[in-house]
Amino acid sequence: MQTPLAIVINKIDLMIQNEDLEEKSMNSFVEVKNDLRRMVAINKSLLMLSKIENSQFNKIQIVNFNDMIHDLLKEYEDFIEFKNIKVNVFEKENFVTDFNPDLANVLLSNLLKNAVKYNHQNGNINIIIEKERMIFQNSGSKTALDSSKIFSRFYKQSSDHTSTGLGLSIIMSIIKQYPNWNISYEFGDEMHYFILSKDNK
């Protein structure tokens, strides 16, 4: 699906660049292009879910989650600054564990992206790192999410049409690959908590 979608998007780009195109038609083409980009994102996410569930990420090595989250914060710096979000990282200890590095990157990236995307302008994010636990805490909606559905496929936290509704389900699929790992959601003091934890018992 990726190739035909890319071809159609490129053709729409060429049409949008046509100076003779009326504004109404141009706006319609832009809307179609945005819908196609969303289809591309959904397709990529579904492919990722399929690969995870078919255990195609078998390589395991020591991963430092502290270092990885700092690298991801640099990658998302523009997105964070655009919404003027204040990010605090509280490193109580180093969270170092055996994990597939690619899955670890997807896991933390989705948690961080979720905390930024569903935050409000001038919001706050706290990332608390303990020896075997990471907590992503963010402002945003003043009401709790449905904890029984948030990790389900295509569940959306809001009416955001750009969302694929697959980010949190990918997180859950990754966690299911690792015994004794858990991801949970809590809400308190108008803050949303996503708690990633490892139990060695």
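## Overall architecture

Residues 24 or more positions apart account for 71% of the chain's contacts with a separation of 6 or more. The model is a predicted one. Its chain has 201 residues, and 41% of them count as buried. The accessible surface comes to about 11700 Å². Carbon and sulfur atoms hold 49% of that surface.

The chain contains 6 helices and 7 strands. Read from the N terminus, the order of elements is α-α-β-α-α-β-β-α-β-β-α-β-β.

Strand E7 spans residues 191-198. Is E7 mostly covered or mostly open? Mostly covered: 7 of its 8 residues are buried. E7 pairs with E5 and with E6.

Strand E5, residues 133-138, runs antiparallel to E7 and is joined to it by 6 bridges. In this pairing, Arg-133 stands opposite Ser-197 of E7. Strand E6, residues 181-188, is also antiparallel to E7, and here the bridges number 8. Phe-187 has His-192 in E7 as its bridge partner. E6 and E7 form a hairpin with 2 residues between the strands. Asp-189 in this hairpin takes a positive phi near 55°.

## Aromatic pairs around Trp-181

The chain has 8 aromatic pairs. One of them joins Phe-65 and Trp-181. Their ring centres are 6.0 Å apart, with 35° between the planes, and the pair is tilted. Phe-65 belongs to helix H3 (residues 65-75) and Trp-181 to strand E6, so this pair ties together parts that are 116 residues apart in sequence. Why does Phe-65 count as buried? Because its relative accessible area is 0%, and the cut-off for buried is under 20%. Trp-181 is buried as well, at 9% relative accessibility.

Trp-181 also pairs with Phe-99. The centres of these two rings lie 5.0 Å apart and their planes meet at 70°, so the pair is edge-to-face. Phe-99 is buried, with a relative accessible area of 0%. Ring pairs link Phe-65, Phe-99 and Trp-181 into a cluster that also includes Phe-95 and Tyr-178.

Which residues of H3 are buried? They are Phe-65, Asn-66, Met-68, Ile-69, Leu-72 and Leu-73. These residues cover an arc of only 165° around the axis, so they lie on the same side of H3. An α-helix has 3.6 residues a turn, so residues three or four places apart point the same way. Lys-74 and Glu-75, on the other side of H3, are exposed.

The N-terminal end of H3 is capped by Asn-64. A side-chain oxygen of Asn-64 lies 2.9 Å from the backbone nitrogen of Asn-66. Asn-66 is itself one of the buried residues of the helix.

## Buried residues in loops

Gly-123 is in the loop between helix H5 (101-117) and strand E4 (124-129). Is Gly-123 buried or exposed? Gly-123 is buried, because its relative accessibility is 1%, and buried means under 20%. Beyond its neighbours within four places in sequence, Gly-123 contacts Lys-83, Asn-84, Ile-85, Lys-86 and Ser-139. Gly-123 and Ile-85 are 38 residues apart in sequence. Their C-alpha atoms are 4.8 Å apart in space.

Ile-150 lies in another stretch, the loop between E5 and helix H6 (167-175). Ile-150 counts as buried, with a relative accessibility of 0%. Ile-150 and Leu-166 are 16 residues apart in sequence, and 9.7 Å separate their C-alpha atoms.

Definitions and conventions: Residues are numbered from 1 along each chain as its sequence is written. This is a predicted model: local features need pLDDT of at least 70, side-chain atom pairs count only at pLDDT 80 or more; totals for chains, interfaces and linings use all residues. Side-chain values use heavy atoms; hydrogens and water are left out. Buried means under 20% relative accessible area, exposed over 50%, partly exposed in between (1.4 Å probe, protein chains only). Helices (H or I, at least four residues) and strands (E, at least two) are DSSP runs, numbered from the N terminus. Two strands pair if DSSP finds at least two bridges between them. Contact means heavy atoms within 4.5 Å. Rings of Phe, Tyr and Trp (its six-membered ring) pair if their centres lie within 6.5 Å; planes under 30 degrees apart count as stacked, over 60 as edge-to-face and the rest as tilted. Accessible areas come from the Shrake-Rupley method with a 1.4 Å probe; for residues, only the protein chains shown count as cover. The arc is that of the directions from the helix axis to the C-beta atoms. A polar contact is a pair of N or O atoms within 3.5 Å; within protein, one must be able to donate a hydrogen and the other to accept it, and residues adjacent in sequence count only if both atoms are side-chain atoms.
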